[in-house]
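Here's a quick briefing to read alongside the model. Have a look at the fold first, then go through the points below.

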Amino acid sequence: MLTQSQIQTQLNQCHWQTERLVIRNFIGSDLATELAHNKDPRIMQYIADIEDDAALEQKVKDFLNPWQCEDGNWLGLAVCVEDQAEFIGMVCLRFESLEFGRVEIGYRFHPDHHGKGFAIEAVKGLVDWIFNQCRAQKVLAYCVKDNIASYRLMEKLGMQQEGCLRQHSTLGGVWHDELVYGLLAKEWPAHSGD
């Protein structure tokens with residue numbers, strides 16, 4: 001696996017291209033769009049309750065700071081259609097354990113861009129970097145059990161359901177079960193060319 005310093009350097013200078021997308025670090029001009037995404041109940045429905053404006057603004061501004069590669073710190077990356085400046089969604093990651101090479105991923109996309117294959121393309125690009133460049137051991141993802149589109153995406157990537165955490169999180173004051181999916185590095189080559 002890359003060293004902690006190498007991971008941090010590479011991900012703080014992120015500019016990857018997939019077939020149709022650019023995945024890059026957030027920049028100052030993204031602030032308004034990211035705030036709008038964080039306030040959109042269609043986007044946040046299965047992710048988190050919408051916070052007050054001050055908390056949201058601070059959270060979004062934190063994405064503009066250089067990322068510190070430490071266990072538990074999230075890095076958000078903007079996903080843009082290749083010929084457009086404004087981002088359509090984001091992919092994110094955090095190391096659950098640097099020592100054991102376990103990386104948790106997440107993603108969200110504006111509803112106007114659902115059904116076009118952008119999410120699978122972007123997440124595949126992220127997972128490919130995690131396994132083929134970073135050389136991590138395992139990728140994990142969690143989603144609310146009701147979020148069918150999210151766990152279907154995980155399954156398309158070859159991730160396997162590893163468990164169901166009962167009444168694990170709340171959204172809107174209601175308890176939800178969360179599904180846990182995992183993918184091992186040795187399983188990725190079978191899916192990386194899909």
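How far is the sulfur of C134 from the closest cysteine sulfur, and which residue holds that one? It's 7.5 Å away, in C69, and that is too far for a bond. A disulfide here means a pair of cysteine sulfur atoms within 2.5 Å.

Before going on, bear in mind that this is a predicted model: local features need pLDDT of at least 70, side-chain atom pairs count only at pLDDT 80 or more, and totals for chains, interfaces and linings use all residues. Residues are numbered from 1 along each chain as its sequence is written, and side-chain values use heavy atoms, leaving out hydrogens and water.

**Cysteines**
- Searching the whole structure turns up zero disulfides.
- C92 isn't in one either, as its nearest cysteine sulfur belongs to C14, 13 Å away.
- C134 is buried at 0% relative accessible area, and C92 also counts as buried, at 14% (buried means under 20% relative accessible area, with a 1.4 Å probe and protein chains only).

**The sheet**
- Eight strands make an open sheet with mixed pairing, ordered β1-β2-β3-β4-β5-β6-β8-β7 (strands are DSSP E runs of at least two residues, helices H or I runs of at least four, numbered from the N terminus; two strands pair if DSSP finds at least two bridges between them).
- The edges belong to β1 (15-17) and β7 (160-171), each with a single partner strand, so one side of each has no neighbour in the sheet.
- On average, neighbouring strands are turned by 25° against each other, direction ignored.
- β4 (residues 87-97) and β5 (residues 102-109) run antiparallel and pair over eight bridges; R94 has E104 in β5 as its bridge partner.

**Helices on the sheet**
- Helix α2 (residues 31-39) packs on the sheet, touching β4 and β5, and its direction makes about 75° with that of β4 (axes are lines fitted to C-alpha atoms, for helices over the stretch in contact, and angles run from 0 to 180 degrees between N-to-C directions).
- Helix α5 (residues 118-133) packs there too, with β1, β2, β3, β4, β5, β6 and β8 as its contacts, at about 160° to the direction of β5 (contact means heavy atoms within 4.5 Å).

**Cores**
- The largest nonpolar core has 43 residues, and those with the most contacts inside it are I7, V91, L93, F95, I105, V127 and I130 (a core is a set of buried Ala, Val, Leu, Ile, Met, Phe, Trp, Tyr and Cys residues joined through side-chain atoms within 4.5 Å).
- α5 supplies the largest share of this core, eight residues.
- A second, separate core of six residues includes F26, A78, C80 and C92.

How values were computed
Buried means under 20% relative accessible area, exposed over 50%, partly exposed in between (1.4 Å probe, protein chains only).
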